[in-house]
Every structure is written in C-alpha cells, then in structure tokens.
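Trainee: Could you help me learn how to read a protein model? I would like to go feature by feature.

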Amino acid sequence: MNVSHQTYSLSAQCHLHILQGDLTRFTVDAIVNAANSSLQHGGGVAVAISIAGGPVIQAESDAWVRQHGPITPQTPAYTQAGQLPCRYVIHAVGPIWGEGDEDHKLADAISGSLRLADQLQLHSLALPAISTGIYGFPKSRAARIFMQAILAYFTQTPFSSLRDVSIILRDSADLSVFLQAAEEMFSE
C-alpha cells in the first residue's frame with residue numbers, strides 16, 4: 001500500500017507527492033521507467049516494470065527503438081502499460097554516474113518525462129528516483145535536481161494537464177533524502 005508522506009503545491013492545480021512504495025502497484029495515468037537508451041529492460045526498476053506489466057512492454061519498446069532509434073534524456077519514449085495499474089509507461093534515460101554532464105542529463109530526463117506526460121494529456125504521473133540505483137547517481141544530489149527540475153517545469157508550463165506528480169521511493173532511507181530536498185526547496 002502506498003502512503004503519502006508529504007505533499008507540496010507546484011501550481012494552483014498541481015501537487016507533488018513524495019511517497020514510499022512499489023512503483024509497479026501505483027494507480028496513476030503513467031509511471032516512469034528508469035530505462036537505458038536501447039529500452040532493454042534487464043535490470044533495476046526497468047526489469048520490475050517489465051515483469052509486472054508483461055511482455056507487451058518489451059515488445060512495444062523494441063518496436064519504438066526500431067522506428068525512432070535509441071532514446072535520449074531529452075526524448076523519452078512511451079509504451080502501453082500491459083498489466084500495470086496505469087495506462088502508459090514513459091521510458092526515461094537517466095545518466096550513469098561518471099559519464100559526464102550528469103546533472104544536466106538527469107534534469108532533462110525529468111523534464112522530458114513531464115513534457116511527454118503533457119503531450120499525452122495525462123493528469124497523474126509517478127516517477128522513481130531515476131539513476132540513483134544501478135546507475136550510481138548520488139541520492140542527495142539527485143533529490144535536489146528532481147525538486148529543481150519539477151519546480152522549473154511547472155513554472156515554465158503553467159497550463160500543464162498534470163494535476164498530481166509523485167516521486168515513489170523504494171525504502172525509508174531514500175524517502176528521507178527526497179523529503180529533505182523537498183523541504184529545503186519548498187521552504188525557500
């Protein structure tokens with residue numbers, strides 16, 4: 001069961017929720033997958049999403065890459081959600097720690113996911129802590145970038161279709177890091 005730990009206003013219409021839970025069980029219009037550029041869902045959050053959603057996710061991911069080529073942080077892909085309790089999976093490529101320009105790439109992956117959700121006219125979106133698992137991005141640094149990128153997006157996009165954006169964290173340690181970053185950002 002997903003329990004909200006904190007909610008922040010992003011605009012008059014949209015709220016940010018920071019929760020601990022299982023992303024694959026979250027009922028929203030779309031969830032974000034922390035993907036690789038070739039959309040091969042073999043590890044981390046990606047494999048959990050692929051298993052929970054069923055083979056349609058990998059099949060549509062393969063078709064996307066054949067048609068559009070590899071995805072980048074700025075240009076996420078999307079597929080149907082299969083057996084997941086959402087309509088779509090947005091596949092965002094976050095940076096691998098140490099590859100260079102990681103902060104900018106992570107911010108692009110976050111804003112690209114929000115932009116694609118708007119293009120799909122979605123009202124709710126849930127994101128994992130992109131790049132902080134097997135890609136090794138430091139969690140406290142990523143949490144600050146998440147807050148900055150999300151706030152910047154809604155400042156620049158006042159008429160977003162999104163009403164609820166959630167960051168779903170796997171454990172209480174990750175939750176604490178993201179809540180601290182949110183408190184620092186939203187108390188200013």
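Mentor: Gladly! Let us begin with burial: a residue counts as buried under 20% relative accessible area, as exposed over 50%, and as partly exposed in between, using a 1.4 Å probe and protein chains only. Serine 131, with 5% relative accessibility, therefore counts as buried. Two notes before we go on. This is a predicted model, where local features need pLDDT of at least 70 and side-chain atom pairs count only at pLDDT 80 or more, while totals for chains, interfaces and linings use all residues. Residues are numbered from 1 along each chain as its sequence is written, and side-chain values use heavy atoms, leaving out hydrogens and water.

Trainee: Where does serine 131 lie?

Mentor: Serine 131 is in the loop between strand 6 and helix 4. Helices (H or I, at least four residues) and strands (E, at least two) are DSSP runs, numbered from the N terminus.

Trainee: What is phi of serine 131 near?

Mentor: Here is the general idea: most residues other than glycine have a negative phi. Serine 131 has a positive phi, near 75°. Leucine 39 is not a glycine either, and its phi is positive at about 55°. Leucine 39 sits in the loop between strand 3 and helix 1 (44–53), and its relative accessibility of 0% means that leucine 39 is counted as buried.

Trainee: Which residues have the most contacts inside the largest nonpolar core?

Mentor: A nonpolar core is a set of buried Ala, Val, Leu, Ile, Met, Phe, Trp, Tyr and Cys residues joined through side-chain atoms within 4.5 Å. The largest one here has 42 residues, and Ile18, Phe146, Met147, Ile150 and Val165 have the most contacts inside it. Among the elements that each supply at least two residues of this core are strand 2 (15–20), helix 3 (102–119), helix 4 (139–156) and strand 7 (164–169). Helix 4 gives the largest share, 9 residues. There is also a second, separate core of 13 residues, including Leu84 and Cys86.

Trainee: What does isoleucine 150 touch?

Mentor: Contact means heavy atoms within 4.5 Å. Not counting residues up to four places away in sequence, isoleucine 150 touches Leu10, Leu16, Ile110, Leu114, Val165 and Ile167. Now try phenylalanine 154, which lies in helix 4 and is buried at a relative accessible area of 4%. Phenylalanine 154 and leucine 10 are 144 residues apart in sequence, yet their C-alpha atoms are 6.4 Å apart in space.

Trainee: How many disulfides does the structure hold?

Mentor: A disulfide is a pair of cysteine sulfur atoms within 2.5 Å. The structure holds 0 of them. The sulfur of cysteine 14 has its closest cysteine sulfur in cysteine 86, 17 Å away, so the two are too far apart for a bond. Cysteine 14 is buried, at 1% relative accessibility, and cysteine 86 is buried as well, at 11%.

Trainee: At what angle do the axes of helix 3 and helix 4 cross?

Mentor: Axes are lines fitted to C-alpha atoms, for helices over the stretch in contact, and angles run from 0 to 180 degrees between N-to-C directions. The axes of helix 3 and helix 4 come within 9 Å and cross at roughly 40°. That makes helix 3 oblique to helix 4: angles under 35 degrees count as roughly parallel, over 145 as roughly antiparallel, 65 to 115 as roughly perpendicular and the rest as oblique. The residues making the contact include Leu106 and Ile110 of helix 3, and Phe146 and Ile150 of helix 4.
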